[in-house]
Number of protein chains: 2
Amino acid sequence: MDTIKCMMTRRSIRKYSEKEVSNIVLEKILKCAMQAPSGVNEQAWEFIIVRDKELLKQIPTISPFAGMVAKAPLAIIVCTNLNNESIFYKGMGILDCSAATENILLAAHALGLGAVWTAVYPDEAKANKIRNLFNIPSSIIPLCIIPIGYPAEKKGFDDRYKEKKVHQNKW
Amino acid sequence: MDTIKCMMTRRSIRKYSEKEVSNIVLEKILKCAMQAPSGVNEQAWEFIIVRDKELLKQIPTISPFAGMVAKAPLAIIVCTNLNNESIFYKGMGILDCSAATENILLAAHALGLGAVWTAVYPDEAKANKIRNLFNIPSSIIPLCIIPIGYPAEKKGFDDRYKEKKVHQNKW
């Protein structure tokens, strides 16, 4: 899919067919995620691939807006690793992981899949419950959970361009 | 350009030719930026387009790692608007603007341009100096400054995929 078309037509997809997502396709998505830019090239991201049905079902009990995860064939939990935080990098991990998350969403769309960013950060209580469920160390911040599957809903173009948000030279 | 190829081959470009970037191309990039996902669809982003040569030259005096901005034909300052922060959205603006920034970097690459994310956030002292220079209100967080131009350097493929960063079902 053309890059500009991909960005312009990507939508949050919350309903998925039962078709499994192959490891070959998943690896393509993860490669795109890890090609994202990162502050001082720290690449302080980690990814948990959840295919276990019981774990997928438990996620919405922690994150109510992530109900669709229970019926997705897989989910990716994008995390940032605070152990990598050098003095020049502090506070940037969540930004880099947001860029990696956007790459995951775009790659999924380009490959005929649907996905949606469901937030964990900055809800620290939710983060701790996700840490408990997935044995995630306290030095790791789970940024978001992205369910991915073949789309079982269609969404049209949503034009979000607003000229008033563009300022020339000064605010 | 193919989406997967675009994500896999995008690199940080810090040297630009003197060729101007047209407003038509710039608008395509900004449209991609605003199609990024955002928490509760808040779209709390704002963009300052800097083409003024004097302003471009002043940016590196505030942000030493952004020296290349002085010689770029334009820069985009990506900001998040805290006035949009509803209770369900608090703290998410910088994440959404990171996704919008990634769209800008990818769109630039897809359109034959080069760009690089130079950080302002989370350096509050730097943010205040950028606010002063561009008349940005205190309720607005400048996330980053992205110089954009036609590339005057070539960079090959940099494989960042690391299998050890992928965890199966549990950490």
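Tutor: Helices (H or I, at least four residues) and strands (E, at least two) are DSSP runs, numbered from the N terminus. In this predicted model, Arg160(A) falls in the loop between strand 5 and strand 6 of chain A.

Student: Why is Arg160(A) called buried?

Tutor: Its relative accessible area is 6%, and buried means under 20%, so Arg160(A) is counted as buried.

Student: Which residues is Arg160(A) in contact with, leaving aside its neighbours within four places in sequence?

Tutor: On its own chain these are Arg10(A) and Arg11(A), and from the other chain Met34(B), Gln35(B), Ala36(B), Pro37(B), Asn41(B) and Gln43(B).

Student: How many residues does each chain bring to the contact between them, and how much area is buried there?

Tutor: Chain A and chain B give 66 residues each, and the area buried between them is about 6,200 Å², with 62% of it from carbon and sulfur atoms. On the side of chain A that touches chain B, helix 4 of chain A provides the largest share, ten residues, and by class that side has 39 nonpolar, eleven polar and 16 charged residues.

Student: What does the count give for salt bridges between chain A and chain B?

Tutor: The count is zero; since a salt bridge needs a side-chain nitrogen of Lys or Arg within 4 Å of a carboxyl oxygen of Asp or Glu, no pair between the two chains is counted as meeting that rule. Polar contacts are another matter, as 42 residue pairs across the interface, both at pLDDT 80 or more, are found.

Student: What makes strand 1 of chain A and strand 6 of chain B a pair?

Tutor: Pairing requires at least two bridges found by DSSP, and these strands have three bridges, in the parallel sense, so they qualify as a pair. Within this arrangement Ile49(A) stands opposite Gln168(B) in strand 6 of chain B.

Student: What kind of peptide bond joins Tyr121(A) and Pro122(A)?

Tutor: That bond is cis, with omega about 5°, and Pro122(A) belongs to the loop between strand 4 (118–119) and helix 5 of chain A. In chain B the bond from Tyr121(B) to Pro122(B) is cis, with omega near 5°.

How values were computed:
Residues numbered from 1 in each chain as written. Chains lettered and ligands numbered in written order. Predicted model: local features only at pLDDT ≥ 70, side-chain atom pairs only at ≥ 80, totals over all residues. Heavy atoms only, no water. Contact = heavy atoms within 4.5 Å. Buried area = accessible area lost by both parts, 1.4 Å probe. Polar contact = N/O pair within 3.5 Å; in protein donor to acceptor, adjacent residues only side chain to side chain. Nonpolar A, V, L, I, M, F, W, Y, C, P; charged D, E, K, R; others polar. Buried < 20%, exposed > 50% of the residue type's maximum accessible area, 1.4 Å probe, protein only.
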